[in-house]
Amino acid sequence: MIENKKEEKLTVLLGAGFSYLAGLPLANDIRVRFDRIQKGKLLRMSSGEWMWEDDKDDITIHNGRIDFDYLAYSYILDEIVKSYNREVEDFDNYEVFFAFIMNKFNDMDWFKGVYKRAKATLMADKSYLNENSTAHKPYLDIFDRDPYLEQLTQIINYLISDLLFISDTKIEEAFSRYQTFLDFIVQFDQVDIYTLNHDVLLEGLLQRAGLSYSRGFTTTDSEILYENQPLEVFQNVFKEKIRIHKLHGSVDYFRFQHYEDRGKMYLQSTGKYNYFTTSKYRAKHYATRIDPKTKKVIQNMNFDITPKFITGTNKTDVIENDIMYSQLLKNFIKSIKDAQTVFISGYSFGDEHVNKELEKRSDLTILNQNPFVIYPFNTKTSYNLKSLDELEKWL
């Protein structure tokens with residue numbers, strides 16, 4: 001059993017199964033949403049966000065179809081799914097699907113073929129597009145340009161983010177299911193929670209419980225502002241006893257890419273960037289960057305409002321080359337190295353960079369909450385729990 005809990009540090013690792021209790025999707029649910037007919041199912045808002053029409057009200061659906069792009073890209077996504085199923089034959093994991101698309105970025109001819117077939121299908125389904133070429137030209141322009149590959153990755157991130165949205169009402173409804181977990185973690189002097197989930201359920205539960213937490217972001221010395229107020233930027237600063245490390249990013253993390261005027265027609269990228277976090281719609285669109293010394297605005301536009309999280313099967317490469325993700329992984333490595341007790345919930349041990357660190361420690365006390373997967377590595381003591389309520393034994 002765990003002794004002297006109040007003097008101990010606790011390391012927590014969360015996977016998708018942790019969020020499932022609140023109705024959020026597992027990997028298979030995301031797979032099902034992608035592996036279907038996509039024609040006409042996408043919405044593009046005037047702000048640039050993308051979402052599915054599923055479960056949206058009439059006003060949102062109307063606003064998402066005012067622009068022309070929604071139709072073309074829904075047919076393009078549909079053709080990508082069909083092409084993937086022809087080439088891979090088994091759509092059993094959306095991360096494999098995402099990695100497949102990323103690998104195809106090196107094959108522009110493949111995408112041109114996708115666009116050609118998507119256009120042909122659209123013209124066959126909606127023959128009226130042939131009748132007035134001038135009026136309907138905006139619906140077809142996308143097909144006649146070189147494929148905009150960055151847009152496709154943004155669309156997929158937006159669509160996953162759409163699936164992972166959780167309202168305050170849903171958090172309230174689910175709160176009682178997580179009470180034992182919350183009671184358990186507050187017993188420890190320091191709690192480092194490493195989550196592979198992109199949703200903000202955990203943050204919502206802690207707020208509902210009145211528990212303070214840190215995510216490594218701070219407004220101190222922030223060079224990213226909205227309406228002259230600093231936004232929280234990632235600086236790996238954790239001041240609260242509950243510390244959340246989102247190893248693969250979050251639906252409310254955004255990246256501010258640094259651009260500057262170098263006397264050319266367009267602003268030039270410096271290669272530098274900040275990660276900032278906000279839940280405010282206008283803040284992510286209208287954030288500015290200041291000179292940290294003079295406090296003068298040096299960039300008045302953020303060119304990328306796509307939620308920043310990692311998916312696919314090449315996470316290790318992304319993590320190693322990113323200032324935030326690489327630091328979060330370092331935090332995890334240190335926590336596992338120093339840990340006495342690790343609580344795991346809803347993780348199915350599918351991420352090699354995570355498993356690698358767990359396998360190094362055969363002297364841990366492991367509490368593994370997963371009704372389907374037992375802890376697979378050697379360890380001093382391992383308790384396999386079917387539900388979060390079983391944590392009551394350690395209260």
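Let me start with arginine 361, which sits in the loop between α15 (352-359) and β15 (365-369); please keep in mind throughout that this is a predicted model. With a relative accessibility of 13%, arginine 361 counts as buried, because the cut-off for that label is under 20%. If we set aside neighbours within four places in sequence, the residues in contact with arginine 361 are Ile336, Lys337, Asp338, Ala339 and Asn378.

A polar atom of the asparagine 197 side chain lies 3.1 Å from the backbone nitrogen of alanine 16, and, not counting residues up to four places away in sequence, asparagine 197 touches Leu14, Gly15, Ala16, Phe18, Ser19, Lys246 and Gly249.

That brings me to the second largest pocket, whose volume is about 1100 Å³. Its lining comprises 47 residues, and those closest to its centre are Gly15, Ala16, Ala27, Gly346 and Ser348. Which helix gives the most to this lining? That is α1, with 5 residues, while the helices that each supply at least two include α2 (27-34), α8 (149-164) and α15. By residue class, the lining divides into 19 nonpolar, 19 polar and 9 charged residues.

Methods
Residues numbered from 1 in each chain as written. Predicted model: local features only at pLDDT ≥ 70, side-chain atom pairs only at ≥ 80, totals over all residues. Heavy atoms only, no water. Polar contact = N/O pair within 3.5 Å; in protein donor to acceptor, adjacent residues only side chain to side chain. Contact = heavy atoms within 4.5 Å. Helix = DSSP H or I, 4+ residues; strand = E, 2+ residues; numbered from the N terminus. Buried < 20%, exposed > 50% of the residue type's maximum accessible area, 1.4 Å probe, protein only. 1 Å grid on protein atoms, 1.4 Å probe; cavity = no way out; pocket = protein on both sides within 12 Å on 5 of 7 lines; lining within 4 Å. Points joined across faces, edges and corners; volume = space filled by probe spheres on them. Nonpolar A, V, L, I, M, F, W, Y, C, P; charged D, E, K, R; others polar.
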